[in-house]
Amino acid sequence: MKLKNILIVVKDIEKSKQFYHDLFGLDVVLDNDGNVILTEGLVLQDERIWRQFLKKDIIPQSNACELYFEEQDIEAFADKLERLYPSIQYVNRFMTHSWGQKVIRFYDLDGNLIEVGTPM
């Protein structure tokens, strides 16, 4: 068996496609009426579709999982994040783990938790 994709729920597909392209360079592989597959296997699904499947409310900022990215030049990434999305909500702007890795954590436009760290 093989893990194929990670799916996150978003309110506005177009804004989310732009966000993930702007910050992480992810491009659209397939756009299928409320389901968008981006490079690296990230799938964006329109909140209406997800709600229809689950018949439950979506809980933004549930802090139950995170998307993790690595970036060599984390300071340049942080500058780009601040410049392009100045109202982004941070969990922490910068921290350094005891093993020396620098990380930044924030929520995307829909409350999905993202961590960007320097390579291990």
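Q: How many helices and strands are there in the protein chain?
A: This is a predicted model. The protein chain has three helices and eight strands. Read from the N terminus, the elements run β-α-β-β-β-α-β-α-β-β-β.

Q: How compact is the protein chain for its 120 residues?
A: Look at the radius of gyration. Here the radius of gyration is 15 Å, close to the 14 Å from the globule rule for 120 residues, so the chain is as compact as a globular protein of that length. Of the 120 residues, 41% count as buried.

Q: How is a pair of aromatic rings described?
A: By two values: the distance of the centres and the angle of the planes. This structure holds six aromatic pairs. One of them joins phenylalanine 19 and tyrosine 85, 4.9 Å centre to centre with 70° between the planes. That pair is edge-to-face.

Q: Why does the pair of phenylalanine 19 and tyrosine 85 tie parts together?
A: Phenylalanine 19 lies in helix 1, and tyrosine 85 in the loop between helix 3 and strand 6, so the pair ties together parts 66 residues apart in sequence.

Q: Are phenylalanine 19 and tyrosine 85 buried or exposed?
A: Both are buried.

Q: Which way do phenylalanine 24 and phenylalanine 69 pair?
A: They are stacked, with 3.9 Å centre to centre and 15° between the planes. Phenylalanine 24 lies in helix 1 and phenylalanine 69 in strand 5, so this pair ties together parts 45 residues apart in sequence. Both residues are buried.

Q: Which residues do ring pairs link into a cluster?
A: Phe19, Tyr20, Phe24, Phe69, Phe77, Tyr85 and Phe106.

Definitions and conventions
Residues are numbered from 1 along each chain as its sequence is written. This is a predicted model: local features need pLDDT of at least 70, side-chain atom pairs count only at pLDDT 80 or more; totals for chains, interfaces and linings use all residues. Side-chain values use heavy atoms; hydrogens and water are left out. Rings of Phe, Tyr and Trp (its six-membered ring) pair if their centres lie within 6.5 Å; planes under 30 degrees apart count as stacked, over 60 as edge-to-face and the rest as tilted. Helices (H or I, at least four residues) and strands (E, at least two) are DSSP runs, numbered from the N terminus. Buried means under 20% relative accessible area, exposed over 50%, partly exposed in between (1.4 Å probe, protein chains only). The radius of gyration is taken over C-alpha atoms; the globule rule is 2.2 Å times the number of residues to the power 0.38.
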